[in-house]
Amino acid sequence: MTAIADDFATHGADAIAQLRTDDPANYLRMVAALVPRELILQRESQPVPDYAELTDEEALVVLEQEYRRRRLEASMKAVTASAIA
């Protein structure tokens, strides 16, 4: 596993870019398999802000909101998992 992780750290971005160019269908299959559907839907419904256009204070607010959202989501998953078990 370490060898795979090391290889991907070195060549992963280039391999992904090559796959996207050479075989777009398999690239999209890979994205669909790796990216959670919820994240895709969230990005479509809530565009990612352009941090370059935000003041430092505005960017901090956006990041804090995202942090809180993720913590709440993780807590809800934990509660749901314990309720099922």
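A pocket, as the word is used here, is an open set of grid points with protein on both sides within 12 Å along at least five of seven lines. Keep that in mind for the close-ups of this predicted model.

Figure 1. Start with the overall layout: the protein has 4 helices and 0 strands, running α-α-α-α from the N terminus on. Its radius of gyration is 18 Å, well over the 12 Å that the globule rule gives for 85 residues, so the protein is more spread out than a compact globule. Along the principal axes, the C-alpha trace covers about 45 × 40 × 30 Å. The protein exposes about 7500 Å², with 60% of that supplied by carbon and sulfur atoms.

**Figure 2. A look into the second largest pocket.** Rolling a probe the size of a water molecule over the atoms shows where empty space is left. Here, the second largest pocket has a volume of about 190 Å³. Around it sit P36, E38, L39, Q42, E66, R69, R70, E73 and K77. Two elements, α3 (37-45) and α4 (56-84), each give two or more residues to this lining. The biggest share comes from α4, with 5 residues. Sorted by class, the lining holds 6 charged residues, 2 nonpolar and 1 polar.

**Figure 3. E66 and its two arginine partners.** Side chains of opposite charge can pair when their charged atoms come close. E66 forms a salt bridge with R69 at 2.6 Å, N to O, and another with R70 at 2.7 Å, N to O. These residues belong to helix α4: R69 and E66 are 3 residues apart, about one turn of the helix, while E66 and R70 are 4 residues apart, also about one turn. E66 is partly exposed, because its relative accessible area of 23% falls between the 20% and 50% cut-offs.

**Figure 4. From R69 on to E73.** R69 also meets E73 in a salt bridge, at 3.0 Å, N to O. About one helical turn separates E73 and R69, because they are 4 residues apart in helix α4. Both residues count as partly exposed: R69 has 27% relative accessibility, and E73 has 38%. Salt bridges that share partners tie E66, R69, R70 and E73 into one network. A search of the whole structure turns up 3 salt bridges.

Definitions and conventions
Residues are numbered from 1 along each chain as its sequence is written. This is a predicted model: local features need pLDDT of at least 70, side-chain atom pairs count only at pLDDT 80 or more; totals for chains, interfaces and linings use all residues. Side-chain values use heavy atoms; hydrogens and water are left out. On a 1 Å grid over the protein atoms alone, a cavity is a set of points where a 1.4 Å probe fits but cannot get out, and a pocket is an open set with protein on both sides within 12 Å along at least five of seven lines; lining residues have an atom within 4 Å of a point. Grid points are joined across faces, edges and corners, and a volume is the space filled by probe spheres set on the points. Ala, Val, Leu, Ile, Met, Phe, Trp, Tyr, Cys and Pro count as nonpolar, Asp, Glu, Lys and Arg as charged, and the others, Gly among them, as polar. The radius of gyration is taken over C-alpha atoms; the globule rule is 2.2 Å times the number of residues to the power 0.38. Accessible areas come from the Shrake-Rupley method with a 1.4 Å probe; for residues, only the protein chains shown count as cover. A salt bridge is a side-chain nitrogen of Lys or Arg within 4 Å of a carboxyl oxygen of Asp or Glu. Buried means under 20% relative accessible area, exposed over 50%, partly exposed in between (1.4 Å probe, protein chains only).
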